[in-house]
Every structure is written in structure tokens, then in C-alpha cells.
Amino acid sequence: MDFVQLIIIGIVVGSVVGLGAMGLTLTFGILKFANFAHGDMMTLGMFTAFAVLGVVRGPTLEPFSIPAGLILAVLVAGSAVALLAASLDRLIYRRLRRRGSALITMAIASLGIAIMTRAVVQLIWGPLPKRYSGGINPSWSIGELRVKPDQLLIVGLTLVLAVVLYLLLYRTKLGKAMRATADNAQLADVAGIDTERIRQATWAIAGFLIAAAGVMFALQAQLRYDAGFEFLLPMFAAVILGGIGNPWGALAGGLIVGISQETSTYWIPSGFKAGIPFVLLIAMLIARPRGLFGSTF
Amino acid sequence: MLEAIMGLAMSLGDPTFLVTFQGAVNWSVGFLTTVAIFAIVVLGLNVQWGYTGILNFGVVAFFMVGAYTSALLTLGPATGFNAYILGLDLPVLVGWLGAALAGALLALLVGLPTLRLRLDFLAIATIGIAEILRTFARSGNGLVNRNEGLNGIPGFLAGTVDRGDYKWLLLAIALASLLLVYLLVRAATESPWGRVLRAIRDNEATAQAAGKRTTVYRLQAFVLGGAIMGFAGALYAHRIGAISPPGFTDLFGTFLPYTMLIVGGAGNHRGVILGSLVVGFFWFGTPLVQESLPDAIGTNVFVWRQFFVGLLVVMFILWLPKGLIAEEARVSRFLPRVAGGPSLRARITGRFRAE
């Protein structure tokens, strides 16, 4: 396939990785541990949207392949996963924090939650793959290049959410408090910031973003119960590339991961492209473990 | 042969097969063999996580590498439609040695760039290895026979006993291997070397201040654990005789060993063996009683047991973080026990390490 065409696919894939990685890096930066349930929250998000579509479908929004109900579905799925993530913090992680458990213990707890979430998705929706719509999405041709309207939608929504996140972090008091907590939680506490509330808000924001990423993922692929878990490695690679806790770095990292993964098929068989995020991750850990852009935001 | 197949089909189709004495014996022998192999994996994980605090989320990758290495070393050259590398027709024991070395090598490759950094970086790096190895095994042409996998892997000492009695020999091999690995890891972790590992886990800065090169020790522990997991993978491959990429799932090969470790008690070798037995009984036993469960659970018994295993991990971390048998708060067996040991409260809250 043409190299430029591969870059276009890479940008689409990278947008989804970046969208998921922005939430992952926020929790990593503020809660200080790697949340291994992030991938399965993505799965839950895409399937929740599927359930909403089963109730409210509406006409297909030309030129996209998606039904109008998907707009509502993204909002419902995002809110549901946000609520779940915040509740899990209340139920589990906050207890561990108060007890002074090691951060690495929380990482194991998150893996337990990941397994439970995946089981719940299978129990509700069964083991078979699903799709949002049966229709095909005809490509637009620009010279030799082909772009699907759905792909533009994915990139567009990622940019919109990135801008919203930027405004939230830099133009609101909550954002300021979040940045302070990420920088030094004890100092923030002393300064009168309710850091527990900040942590809840962080979970909620990360939950909304990952659910949106799940829906975007399922727009260009099938809904599978293990899709999110397999997406963990690219997202973590993006987080490390961009610097832990840095959402813009994570977005850029996501694009780097997506583009390198897709363009690699120009040289190597496509079966091996799954190894690219891992290679990037290891290379980054050797060369510059603080990330390309540093950890502050 | 036909008789054997008929017998198998009947035993699987007949829910009362456990009621017959022979059926119960057959199941128990197979179950204990599996648990022994899992317990070896968990002992390897105990060296990594229990003693050194290394979070390895790619256990199944080490297990898989061991299984494939031993199979490729002991199988004959590829024939017919099969296509795989090696096929050296070596003795099974050489295959096991190769499997342990392969596990150690993988640990070295992953550990070198990550173990000098934050603890969670290794966890992140290992989470994807298994998936990558499975993908490579599936898509590599002429590498390891893709999705068809490797079949006809020779059993250890298979020709020496009657076919019907071979299961007893398999059990004996698995139990002997478990004992060997148990003695090995006990000797290692009770030595001064093992004390350094625990010191690194509990307070790395202090260990460094005492002049220990903590990264080197961590790498050694990671490599030892990887070798043990590779060896367990080889035992598994020669026991079941056929392996393929879809068989090595994260749930079965990584998460189940973690559950066994956490339930049993990280940092206590006997505890994690007990954990393997208890969690193994739940995991492998639930499908047997599928028919007697309420329909809502029975039809999805494989998913429900997955859910409960995840729940078990979270519950133990919250309410019994030291597991069923807690780690002994004891520096060395040549020194007296800490008077009274940790209090019940400390055991439940898991706070006593810092005290």
C-alpha cells in the first residue's frame, strides 16, 4: 500500500490510542500508579454505547456510517464509565491509600478489576464480536489517497476532546487543583485543596475519555470483549513516550505509536506490527524514561 | 485406541463419572498434576513478586517460551505440511534445560532495560509480551507452525510404563519437579542473597545504603523466576503433548498464578503452594459441577469463575493482604522468631512490614 495512505491510517489509529492514553496518563500522574483496568474500561465503554444504540438508533448521519443515536451513546457510555471509575476509587483504591498500601499493590488490584470487568462484558453481551452498523462507509478519494468520513470523525473528535481537556486543565479551578495535586499532593492538601475530590474527578475524566476512545475504536473495527486489554500496551507506550502525567505528550505519543505501527507494514509483514509499540516502549525506557516532553503539564 | 476414545467420550458426557471410583481417581490424578505444574510457576513468581517486589504481568510469556523451546528441541524435524525451526530430536531432559534457559534469556532481555527504572515500568513492559509472542507464533511462516501449533511432543519416559499407568508417572514427575523447585527456591531465598531481595522489596534505599547493587539483585531474581516459569512451561508441553498459540492466554497463564500467589500468601513458599491447590480446585473444579449449578451461572460457568477469581484478588488485597499463610517476619532461620509474630491486626492491615 502507498506510504502516505499508511500514514493516514496511522493517524486514525494513533488518535484512538492518544485519546485513551490521555486519560491513562492523568490517572498515572495524579494517582501515581499504572491502572491496568484502563483497557477493559474501554471495552465496557464501547459495549455500553452498543447497548444504547439498541434502544435509540435514529437515521444514519450521512456521510458517516454511524446512526444519530451514537452521539447520545457516547455521552451515556462516557458518563457510565466515569461514574464506575470514580466509584471503584471510593470502594477500593481509597481504602488502600488510607492504609498506606504500596502503589504497586494498587496496580495488582487494578488487574483484578480488569478481569472482573471483562467477565461482566462477556456475561452481558456474550462472547461474539459485534458491530455498531452493518452499512459500509464509502471512501472519499483525494487523488490516489482514500479517506473514509468515519476516519475523519475519529480524528476530529479526538481533537475536540483534547481541546476540552486543555480548557478544563488550564481555564478552570478544578484543572488548577488537579495540576497542583499531580505536582505535590501533600502540598496541595495543606493548601486547602480537597485532594480526595480531585482524585475522584480525575477518575471520572479518565473514564469519560476512555469510553469515548472505546467507541471510536469500535467505529473502525469490531466490538470484542478482549479488544481493550490488547489496547493497553499501545496506550502505555504512548504514556511513556509522552512523559507520565502529560496529556499532550500522551496524545503526541499516541500518534507516534499509531503512525509507526501502521507504516511498519510497509517493510515488515503486518502480523508483526503488534510488536511495534513494545519496541517503542523499550527503546524509550532505555533512551529517555522521562518521556519526550517531560512529566509536567 | 478406539476403546480409549469411547471411554473418554463417555466420561466427559456422563455427569456421574465423578461418582464412580475410577472416574474420581482419574480426575484427581490429572488435577494434581496440573496444580503441581502451576505451583512451580507460582514459586517462580514468588521469587519475583513475593520476595523482590517485581511485578511481572507477562508470566504466560515465560511459560509459553519454555513450552515451545522444549517442544522444538525434542520433536523430530518438520515433515509434511508442518513447518517449524529446529526439530532436533534431543532427549526430553535437554529440552527442559533449554526451556529454563529460554525463560532466563527472556527475563534478561526484558529486565535489563526496565528493572533499573520505576517498579511499574516492568509491569507495563511485560503486559504486552505474551500478546506479541502469540502474534509472532501465529504469523511467523515456518517459525513454530503457526496456529496448528506443535503436536506429538514426546512424553518424558513415555515408553517405560503401561499406557493406562502413565498418568501416575506424570503425577510423580510433576510432584518430584515441584519438590525440587521448592527446595531450590527455599535454599535461595533463605540464603543471604534472599535476605537482600527482601531488603530491596521493603526498603530499597536502605539496601542501597548498605552497599547492595539493587538493580543487579533484582535482575538476578527476575532471571531465576523466569527460568522456573520456563521449566514449568516445558513440563506442561510434554504432559499435554500438543501446544498452540491460543492455548496460552493471559487469564490462564498470568492471572491465575497471581491469584494463587495472593490467596496463598506472597513471600511464603508453602503458602503459595497451598494457594495453588485452593485456587486450582476452584478453577478446575467448577466446570465439573456445571450441571448442578443454577442455569444462570451454569451456562456461563467459565466466565463466572473468571469474575470470581478477579473478585478474590481484590478481596484478598483489601482484607487479607498477607494471604492464607502470611510471610514469616523472621530475618533468618538461625535467629529467633520475632516474639509473638505480627499481631492479628497487623496481619489484616498488612502494616507490619514497615514496623
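Start by selecting Glu131(B), which sits in helix H6 of chain B; helices here are DSSP runs of H or I, at least four residues long, numbered from the N terminus. You're in a predicted model, where local features need pLDDT of at least 70, side-chain atom pairs count only at pLDDT 80 or more, and totals for chains, interfaces and linings use all residues. Residues are numbered from 1 along each chain as its sequence is written, chains are lettered from A in the order in which they are written, and side-chain values use heavy atoms, with hydrogens and water left out.

Is Glu131(B) buried or exposed? Glu131(B) counts as buried because its relative accessibility is 19%, and the cut-off for buried is under 20% (1.4 Å probe, protein chains only).

Now show what Glu131(B) touches: leaving aside neighbours within four places in sequence, Glu230(A) and Arg138(B) are in contact with it, meaning heavy atoms within 4.5 Å.

Next, zoom out to the whole contact, with 43 residues from chain A and 43 residues from chain B. Together the chains bury about 3,800 Å², 81% of it on carbon and sulfur atoms; that's the accessible area (1.4 Å probe) lost on putting the two together, summed over both.

On chain B, colour the elements that give two or more residues to the side touching chain A: H4 (92–114), H5 (119–127), H6 (129–139), H11 (250–264) and H14 (301–319). H14(B) provides the largest share, eleven residues.

Looking for salt bridges (a side-chain nitrogen of Lys or Arg within 4 Å of a carboxyl oxygen of Asp or Glu)? The count between chain B and chain A is zero.

How values were computed. Buried means under 20% relative accessible area, exposed over 50%, partly exposed in between (1.4 Å probe, protein chains only).
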